[in-house]
Amino acid sequence: MADSDVELKKIGSRTFRIHRTWAQREAISRRSAGGRNESSLSIFETVVEVDTEFLSEDVLKKLEESTGTKIEARRLSVTISGSSGEAVEGAREEIRRLADEKRTGRKTSPYTHFVVIPMTTGSIQIKGAEIQQQILDDFSDKVNERCMENPERFRCVLCMLRLQSQSDLMTAKLALRKVSREVKDLVRGRGLQLKVGGLEVLPEGKPRQATSLYCVLKEVEKAQETLLSISKILYTSLQGAGILTEEDMRRQKILVDSEIRPLLCMTLLSARLAGVQDLNLSLVVDRMRFKEVGEVLVEEIRLARLDQIDESGFFRSELSIPLVSMPR
């Protein structure tokens, strides 16, 4: 990676890379060999309460190898540890899925990819990381660094997908390419300017049992309305291709009461990254609810893998839908 592609920034004890332009990020993605490059040497650990009678030693060994984690099984629990919070969380979800599948006989494929907006332009990364550091400084008895989303991976997730084969992947890419021109025309090739700010928690209205803290993507000259229209175009195309089901949309809370209402947000911290069920964030929300992060120009939407990080620090891209016209 060329030195001019990114800039290193240190806030508190964390150092992360700031991405500058869509063109540079696209060049990085093309050059990427798919290698994992973590900016932290922290060890992440979580415990899954599950009956290991349904999990064979061979299955757990293969899961260790595929996720790069260490898995220790006891009679009624499994401990997972690793240097990547995403890998630990992925192993945790897979163990739960496998145990449930064995117990009930119902097969449920895991999510493998997502349609995502990278929120990795400099000003948003810096301001988001500064807010994270303020939370760490002011509420150290409630949260720790493990809870914090890596600023190199700030993002807005539009939907999760289960692409179990190369054929599924090609179908998804074709469905997204099919509407890429329509999506780009909606923003006239100028990208989409959004305001990011206001801290909220999930589950909604339960700050004492919060699973995550996020920033809301807000209106700037009807940009939020445009983003919703773009999301609907993508959902319709993926549904038509048989890649995104109505059940998936309901499970991901994209479809609520028969109405498409995705949660358009950027997560700052998550209980799952720290390997805990929930966090008491009531004081954080009370004091910082109206904290503003700034504005961001959305330059692209990606289809990315959940289980691989590229050399830029973001999730490895399979397809990019540019919202800005490249200069000639």
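Select Arg251 to begin. Arg251 is partly exposed, with a relative accessible area of 43%. Here buried means under 20% relative accessible area, exposed means over 50%, and partly exposed lies in between, with a 1.4 Å probe and protein chains only. This is a predicted model, so local features need pLDDT of at least 70 and side-chain atom pairs pLDDT 80 or more, while totals for chains, interfaces and linings use all residues. Residues count from 1 along each chain as its sequence is written, and side-chain values use heavy atoms, without hydrogens and water.

**Stop 1: helix H8**

Glu247 and Arg251 form a salt bridge, with the closest N and O atoms 2.7 Å apart. A salt bridge here is a side-chain nitrogen of Lys or Arg within 4 Å of a carboxyl oxygen of Asp or Glu. Both residues sit in helix H8, four residues apart, so about one helical turn separates Glu247 and Arg251. Helices are DSSP runs of H or I with at least four residues, strands are runs of E with at least two, and both are numbered from the N terminus. Glu247 counts as exposed, at 51% relative accessibility.

Now pick Asp248. Which residue forms a salt bridge with Asp248? It is Arg162, and the closest N and O atoms are 3.3 Å apart. Asp248 lies in helix H8 (residues 246–251), while Arg162 lies in the loop between strand S7 (155–161) and helix H5 (166–178), so the pair ties together parts 86 residues apart in sequence. Asp248 is buried, with a relative accessible area of 6%. Arg162 counts as buried too, at 18%.

Stay on Arg162 and show Tyr111. Arg162 lies over the face of the Tyr111 ring, 4.0 Å from the ring centre. For this, NZ of Lys or CZ of Arg must be within 6 Å of the ring centre and within 35 degrees of the ring normal.

**Stop 2: helix H7**

Select residues 223–240. This is helix H7, with 18 residues. From first C-alpha to last, H7 reaches 26 Å, close to the 26 Å expected at 1.5 Å a residue. The expected span is 1.5 Å times one less than the number of residues. Which residues of H7 are buried? Among them are Leu227, Ile230, Ile233, Leu234 and Leu238. Then step to Gly242, which follows H7 and has a positive phi, near 80°.

**Stop 3: a three-stranded sheet**

Show strands S3, S5 and S4. They form an open sheet in the order S3-S5-S4, with antiparallel pairing. Strand S3 (44–49) and strand S4 (70–73) are the edges, each pairing on one side only. Neighbouring strands are turned by 15° against each other on average, direction ignored. That angle is between axes fitted as lines to C-alpha atoms; angles run from 0 to 180 degrees between N-to-C directions.

Six bridges join S3 to strand S5 (residues 77–82), antiparallel. Two strands pair if DSSP finds at least two bridges between them. Find Glu49: its bridge partner in S5 is Ser77.

Move to Lys70 and Glu72. Their side chains meet in a salt bridge (3.4 Å, N to O). Lys70 is partly exposed, at 47% relative accessible area. Glu72 is also partly exposed, at 35%.

**Stop 4: the S14–S15 hairpin**

Select residues 300–309 and 315–322. These are strands S14 and S15, paired in the antiparallel sense over six bridges. Arg302 stands opposite Ser320 in S15. Five residues lie between the strands of this hairpin, and Gly313 takes a positive phi near 100°. Show the side chains of Arg305, Asp307 and Glu318: a network of salt bridges links them. How many salt bridges are counted in the model? The count comes to 12.

**Stop 5: three rings**

Finish with the aromatic pairs; the count is two. Rings of Phe, Tyr and Trp (its six-membered ring) pair if their centres lie within 6.5 Å; planes under 30 degrees apart are stacked, over 60 edge-to-face, and the rest tilted. Phe114 and Phe315 are edge-to-face, 5.1 Å centre to centre with 85° between the planes. Phe114 lies in strand S6 (residues 113–118) and Phe315 in strand S15, so this pair ties together parts 201 residues apart in sequence. Are Phe114 and Phe315 buried or exposed? Both are buried.

Phe314 counts as buried, at 1% relative accessibility. Keep the three rings on screen: ring pairs link Phe114, Phe314 and Phe315 into a cluster.
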